[in-house]
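Please go through the structure below with the text alongside.

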Amino acid sequence: MVDQVNALKTALSLRAGSLLAFPAGAVLLAMLERGWLAIGALAGAMLAVSLFERRRFGRALGIQIPSSSAAIVTGLTVRFGLLTGLFVVTLGVLALFRDTALSRALGWPDLAVIALSSGAALLANAFSARLAPIRASVPGRPAPKSAPADTVILEGEIIESDPRR
């Protein structure tokens with residue numbers, strides 16, 4: 001039993017660490033004085049990793065998780081806003097101590113930070129998934145083939161709108 005508890009703790013720690021990969025990338029982009037285009041590309045990579053993980057969860061659970069263009073645009077906007085806020089705050093702190101001049105184009109440092117952040121998040125999520133396998137069926141109930149219509153799906157979690165079920 002202790003091994004399962006430690007494996008679950010490690011898996012949750014890896015998941016928490018994967019959430020920090022993209023904010024760390026935004027801070028690194030600010031320290032390197034990269035531009036807002038890099039933040040937009042980082043937000044796009046963050047959305048792509050999120051969609052990949054949602055599909056992986058769906059396959060593991062045996063359900064289809066639908067995606068709409070409105071949800072994708074909203075997700076990209078929220079991620080861009082959060083990463084931009086962190087980028088601006090970090091630049092503000094750096095501007096107190098030195099002159100800052102932002103880049104006006106995407107370059108190899110941007111791509112390296114984006115690839116590093118995305119790779120770190122994907123690796124942490126992959127290791128987490130191996131440590132804490134998802135049980136695809138509930139005893140006494142067959143596994144669903146698609147998410148019920150009245151549910152909300154957030155980052156792989158299925159939250160039923162009626163808690164009495």
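Contact here means heavy atoms within 4.5 Å. Leaving aside neighbours within four places in sequence, Arg56 is in contact with Arg15, Asn125 and Ala129. This is a predicted model, in which local features need pLDDT of at least 70 and side-chain atom pairs count only at pLDDT 80 or more, while totals for chains, interfaces and linings use all residues. Residues are numbered from 1 along each chain as its sequence is written, and side-chain values use heavy atoms, with hydrogens and water left out.

Arg56 sits in helix 2, which covers residues 36-61. Helices (H or I, at least four residues) and strands (E, at least two) are DSSP runs, numbered from the N terminus. Arg56 counts as buried because its relative accessibility is 17%; buried means under 20% relative accessible area, exposed over 50%, and partly exposed in between, with a 1.4 Å probe and protein chains only.

Arg56 also belongs to a network of salt bridges, together with Arg15 and Glu53. A salt bridge is a side-chain nitrogen of Lys or Arg within 4 Å of a carboxyl oxygen of Asp or Glu. Searching the whole structure gives four salt bridges. One of them joins Glu53 to Arg15, with the closest N and O atoms 3.4 Å apart. This pair links distant parts of the chain, since Glu53 is in helix 2 and Arg15 in helix 1 (residues 2-31), 38 residues apart. Glu53 has a relative accessible area of 6% and is therefore buried.

Two further pairs involve the loop between helix 1 and helix 2. In the pair of Glu33 and Arg98, the closest N and O atoms of the salt bridge are 3.5 Å apart. Here too distant parts of the chain are linked: Glu33 is in the loop between helix 1 and helix 2, Arg98 is in the loop between helix 3 (69-95) and helix 4, and the two are 65 residues apart. Glu33 is buried because its relative accessible area is 18%, whereas Arg98, at 36% relative accessibility, counts as partly exposed.

The other pair is the salt bridge between Arg34 and Asp110, whose closest N and O atoms are 2.7 Å apart. Arg34 lies in the loop between helix 1 and helix 2 and Asp110 in helix 4, so this pair ties together parts that are 76 residues apart in sequence. Both ends are covered: Arg34 counts as buried because its relative accessibility is 14%, and Asp110 counts as buried because its value is 0%.

Among contacts between residues at least 6 apart in sequence, 81% join residues at least 24 apart. Of the 165 residues in the chain, 30% count as buried.

Last comes the surface. The accessible surface of the protein chain is about 10700 Å², and 68% of it belongs to carbon and sulfur atoms; accessible areas come from the Shrake-Rupley method with a 1.4 Å probe, and for residues only the protein chains shown count as cover. Leu28, Met31, Leu32 and Leu116 make a nonpolar surface patch of about 370 Å². Patches are made of residues with over 30% relative accessible area and no salt bridge, with like charges joined within 9 Å and nonpolar side chains (Val, Leu, Ile, Met, Phe, Trp, Tyr) within 5 Å. Leu116 lies in helix 4, residues 108-131, and counts as exposed because its relative accessibility is 57%.
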